[in-house]
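The following paragraphs lead the reader through one structure, element by element. The sequence and the model should be kept in view throughout.

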Amino acid sequence: MTTDEHAERFTVLRPLLFTIVYEILGSATESDDVLQDSYLRWAEVDLATVRDTKSYLAQLVTRQALNAVRAGARRREDYIGPWLPEPLLLDEHDPSADVVLAESVSMAMLVLLETLTPDERAVFVLREVFGFDYDDIAAAVDKSVATVRQVAHRARSHVQARRKRFEPVDTVKIAEITQQFMTAASTGDAQGLLSLLAPEVAWTADSGGKAIATRRPVVGAQKVARCLVDLFHKASRTPNLRIEMLNCNNTPAMAVYSHDYLEGVFLMEIIDGKITNFYAIRNPDKLVTVAVPRRISR
């Protein structure tokens, strides 16, 4: 039987634990499953043997997350079309001023982390995002401290070589660009859209073969602008189809509803005043958690 103290300690740290697992898995649904399984294991632990609850639980959920990654490897290999992480709807009280945390849960960063091995990803998240020491990380991934240091260096170099420059979010500027975008897209103003898009802007859609979506990324301002005009044109001509703005992964996002059914979530990545990426999540399995705002934490 679980104790009140087990539950209290776990509940206090749950936002942190969820964030760790989500950044390793890229799936809010699977992260909830991992936390549930981890709690059952935690409930059996003799608390007198736990010197640091935060480190202990971080190691526990990391091990369970890595097990989940390995168990789902075959499923990823057989996935139809591009694979994108599940969008994460954030509540209005999230610490978005924390630049490191904001970047770490951005869709762009999660997509980049997908290019790492599971161990590299776990080490990078624990070290670079959450600042755990190498001893704790070594225990979490079941490797020596020397090996973990090598993995951390390799993962850090990989990420730094591939990620775009990330600056603190100027919320006023982001809101201004988002409003300009909505106005241009909803009125079919192609030139207005083009002025907001980076020349090599990309549109990547994830349907998992369960919804209509482009199978390959669309690259280039002209092509992406046409995708957007078509999307908003369809919305304007289809009864009960509406578009709402959300904050997913600390990024402006459009949620497209048919009646009350969520058809898709489209996230925008904005760098240096230009929209550089659209991530279109159409797979219905990845949309079920969007209705539940999450709190993330470091």
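Helices (H or I, at least four residues) and strands (E, at least two) are DSSP runs, numbered from the N terminus. This is a predicted model, in which local features need pLDDT of at least 70, side-chain atom pairs count only at pLDDT 80 or more, and totals for chains, interfaces and linings use all residues. Residues are numbered from 1 along each chain as its sequence is written, and side-chain values use heavy atoms, with hydrogens and water left out.

The account may begin with helix α1, which spans residues 4–25. Proline 15 lies in this helix. Buried means under 20% relative accessible area, exposed over 50%, and partly exposed in between (1.4 Å probe, protein chains only). Proline 15 has a relative accessibility of 11% and therefore counts as buried. Contact means heavy atoms within 4.5 Å. When neighbours within four places in sequence are left aside, proline 15 is in contact with Arg295, Ile296 and Ser297. Proline 15 and arginine 298 are 283 residues apart in sequence, yet their C-alpha atoms are 8.1 Å apart in space.

The next topic is a pair of helices, α2 (residues 28–42) and α3 (residues 53–71). Axes are lines fitted to C-alpha atoms, for helices over the stretch in contact, and angles run from 0 to 180 degrees between N-to-C directions. The axes of α2 and α3 come within 9 Å and cross at roughly 130°. Angles under 35 degrees count as roughly parallel, over 145 as roughly antiparallel, 65 to 115 as roughly perpendicular and the rest as oblique. The helices α2 and α3 are therefore oblique to each other. A crossing is left-handed if the near helix is turned anticlockwise from the far one by less than a right angle, and right-handed if clockwise; α2 passes α3 in a right-handed crossing.

Which residues form this contact between α2 and α3? From α2 come Val34, Leu35, Asp37, Ser38, Arg41 and Trp42, and they meet Thr53, Tyr56, Leu57, Leu60, Val61, Gln64, Ala65 and Ala68 in α3. By class, the contact of α2 with α3 has nine nonpolar, three polar and two charged residues. In this scheme Ala, Val, Leu, Ile, Met, Phe, Trp, Tyr, Cys and Pro count as nonpolar, Asp, Glu, Lys and Arg as charged, and the others, Gly among them, as polar. Leucine 40 also lies in helix α2. At 54% relative accessibility, leucine 40 counts as exposed. Between the C-alpha atoms of leucine 40 and alanine 102, which are 62 residues apart in sequence, the distance is 30 Å.

Not counting residues up to four places away in sequence, glutamate 114 touches Leu25, Arg76, Trp83 and Arg121. Alanine 146 is 32 residues from glutamate 114 along the chain, and their C-alpha atoms are separated by 24 Å.

Helix α7 covers residues 118–129 and includes glutamate 120. Is glutamate 120 buried or exposed? With a relative accessible area of 11%, glutamate 120 is buried. Residues up to four places away in sequence aside, glutamate 120 touches Val151, Arg154 and Ala155. Helix α7 packs with helix α9 (residues 145–162) at an angle of about 90°, their axes 9 Å apart. The two helices, α7 and α9, are therefore roughly perpendicular to each other. Asp119, Glu120, Val123, Phe124 and Glu128 of α7 make this contact with Val148, Val151, Ala152, Arg154, Ala155, Arg156 and Val159 of α9. By class, seven nonpolar, no polar and five charged residues take part in the contact of α7 with α9.

The cysteines come next. A disulfide is a pair of cysteine sulfur atoms within 2.5 Å, and by this rule the count is zero. The sulfur of cysteine 227 is 20 Å from the closest cysteine sulfur, in cysteine 248, which is too far for a bond. Cysteine 227 is partly exposed, with a relative accessible area of 23%, whereas cysteine 248, at 0% relative accessibility, counts as buried.

Two loop residues conclude the account. Histidine 259 is found in the loop between β4 (251–258) and β5 (261–271), and its phi is near 60°, a positive value in a residue other than glycine. Aspartate 272 is found in the loop between β5 and β6 (274–281). Although aspartate 272 is not a glycine, it has a positive phi of about 55°. Aspartate 272 counts as exposed, at 55% relative accessibility.
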